[in-house]
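My notes follow in the order I took them.

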Amino acid sequence: MNESRLIAARPLFVGDHVALDFVNTQYGAGAISSECFVDDISVMAWLRLAKVVSEDVPVAPEGLFELAVELRACAKLLLNAGNSDLEAALGVVNRVLDEGRPTRKLEWDTGRRSFTALSTRRSDAAGLLEPIAQALVEILTVVPPESVRCCEADDCTLLFYDSTKSRRRRWCSMAGCGNRMKVAAFRSRQKES
């Protein structure tokens, strides 16, 4: 691993859907590629920023980084469904869904004299990533495929969910790529005149 990849890149939350923001934890291309996940701690920090994991989960479980990177790679394959290796990717997502499923149990509350359903989220790697796998299921089965787009900026690889009424969103962020592309188009027109 080269020296520049030891420091986690700043996460960008521009996807308007947690599954796409998870995929966007690796962005850019070539020499300017950025990686938000470099170890278990950086994955845990992202999960907290994304409000997937609460602060009361004290430490990152062992293997979180490896499973997060594997799940992200599978999410990318599934979002680009033309790929032929879908079975392996589906296997990883389904494994996280199965192994990370919260436990539910029914208890009798003697004070209130009623039943209570308790749900407990697991704190292992699959348990912490299960909400991401659930979000991926949603984006692949509920969200119209044409609403998941890649930013139109030449050098941007970020995905986003276009939930606008007109379905004409073009950039991951108007403040970032949108502004840059509009300025470039303006300069190009100025040079031509």
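I am working from a predicted model. I began with the lining of the largest pocket, where α6 gives the most, with 3 residues. I read the volume of this pocket as about 250 Å³. Its lining counts 15 residues, and Leu12, Cys156, Leu158, Cys177 and Arg180 are the closest to the centre. I sorted the lining of the largest pocket by class: 8 nonpolar, 5 polar and 2 charged.

Next I checked α6 itself. At the N-terminal end of α6 I found serine 173 as the cap. One of its side-chain oxygens sits 3.3 Å from the backbone nitrogen of alanine 175.

I then turned to the second largest pocket, at about 210 Å³. Its lining has 13 residues; nearest the centre are Val23, Lys76, Asn80, Thr157 and Leu159. Which element gives the most to this lining? I found β5, with 3 residues. β1 (26–27), α3 (64–79) and β5 (148–150) each supply at least two. By class I noted 6 nonpolar, 5 polar and 2 charged residues.

Last, I looked at the hairpin. Strands β3 (residues 103–109) and β4 (residues 114–120) run antiparallel and are joined by 7 bridges. Glutamate 107 faces threonine 116 of β4. I see 4 residues between the strands, and arginine 113 has a positive phi near 55°.

Notes:
Residues are numbered from 1 along each chain as its sequence is written. This is a predicted model: local features need pLDDT of at least 70, side-chain atom pairs count only at pLDDT 80 or more; totals for chains, interfaces and linings use all residues. Side-chain values use heavy atoms; hydrogens and water are left out. A polar contact is a pair of N or O atoms within 3.5 Å; within protein, one must be able to donate a hydrogen and the other to accept it, and residues adjacent in sequence count only if both atoms are side-chain atoms. Two strands pair if DSSP finds at least two bridges between them. On a 1 Å grid over the protein atoms alone, a cavity is a set of points where a 1.4 Å probe fits but cannot get out, and a pocket is an open set with protein on both sides within 12 Å along at least five of seven lines; lining residues have an atom within 4 Å of a point. Grid points are joined across faces, edges and corners, and a volume is the space filled by probe spheres set on the points. Ala, Val, Leu, Ile, Met, Phe, Trp, Tyr, Cys and Pro count as nonpolar, Asp, Glu, Lys and Arg as charged, and the others, Gly among them, as polar.
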